Amino acid sequence: MKDSIQVELDEPIMYSAKDGEVEGSFVTLKPPTGKQSHICCELEALIQSSITQSAANLPKELIEQAKDSKQDDDEKIDGPTMMTIINGGGADMKKFTLLFIDLFKQVGEIGGEKTLTAPIIERLDHRDLRKMMGEYAVNFVYL
């Protein structure tokens, strides 16, 4: 398992740091620990359910790639594809997003230096938050 991942923000945000207001252009996300296991288990259940449901709606190759990504690191699915599958499977995206926000407050840092707080997360662009969710899911949740 990776030590952490870094997600570049398409829309950087300003945040308070030691030197005043600075621009955050990336988020560092650490792997989950036992403290976050309950969140990860719930996310994995949503993902697995979505993959099953999307089997009827998405191309078979995409579904097989998602299933195979659990076994083969070389063929690992990417974050955007994972999010497409989750959406295609009719997942409760509100619940999915709220779970990830709770998780990111515990494992994330803006600019590699400041813990992600609710006010910082609320300023993130929706597409950047979605990118973070997909990348985290494929790297640390859907193993």
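View 1. At 28% relative accessibility, Lys 131 counts as partly exposed, a class that lies between buried (under 20% relative accessible area) and exposed (over 50%), as computed with a 1.4 Å probe on protein chains only. The model is predicted, so that local features need pLDDT of at least 70 and side-chain atom pairs count only at pLDDT 80 or more, while totals for chains, interfaces and linings use all residues. Residues are numbered from 1 along each chain as its sequence is written, and side-chain values use heavy atoms, with hydrogens and water left out. Lys 131 forms a salt bridge with Asp 10, in which the closest N and O atoms are 3.2 Å apart; the term requires a side-chain nitrogen of Lys or Arg within 4 Å of a carboxyl oxygen of Asp or Glu. Because Lys 131 lies in helix H6 and Asp 10 in strand E1, the pair ties together parts that are 121 residues apart in sequence; helices (H or I, at least four residues) and strands (E, at least two) are DSSP runs, numbered from the N terminus. Asp 10, at 53% relative accessibility, counts as exposed.

View 2. Asp 128 is found in helix H6, which covers residues 126-141. Asp 128 is buried yet has no salt bridge, and the nearest side chain of opposite charge, that of Lys 131, is 4.0 Å away; for charge, Lys and Arg count as positive and Asp and Glu as negative, whereas His and the chain ends are not counted. The side chain of Asp 128 reaches the backbone nitrogen of Asp 10 at 2.8 Å and the backbone nitrogen of Glu 11 at 3.0 Å. When residues up to four places away in sequence are not counted, Asp 128 touches Glu 8, Leu 9, Asp 10 and Glu 11, contact meaning heavy atoms within 4.5 Å.

View 3. The structure holds five aromatic pairs, where rings of Phe, Tyr and Trp (its six-membered ring) pair if their centres lie within 6.5 Å, with planes under 30 degrees apart counted as stacked, over 60 as edge-to-face and the rest as tilted. The rings of Phe 100 and Tyr 136 have centres 6.3 Å apart and planes at 85°, so this pair is edge-to-face. Phe 100 in helix H4 and Tyr 136 in helix H6 are 36 residues apart, and their pair links distant parts of the chain. The rings of Phe 104 and Tyr 136, with centres 5.8 Å apart and planes at 80°, are likewise edge-to-face. Phe 100 is buried, with a relative accessible area of 0%, and the value for Tyr 136, also buried, is 0%. Phe 96, Phe 100, Phe 104, Tyr 136 and Phe 140 form one aromatic cluster.

**View 4. Glu 42 and Lys 95 between two helices.** A search of the whole structure finds four salt bridges, and Glu 42 forms one with Lys 95, the closest N and O atoms being 3.0 Å apart. This pair links distant parts of the chain, with Glu 42 in helix H1 and Lys 95 in helix H4, 53 residues apart. Glu 42 is partly exposed, with a relative accessible area of 33%, and Lys 95 is partly exposed at 36%.

Conventions: A polar contact is a pair of N or O atoms within 3.5 Å; within protein, one must be able to donate a hydrogen and the other to accept it, and residues adjacent in sequence count only if both atoms are side-chain atoms.
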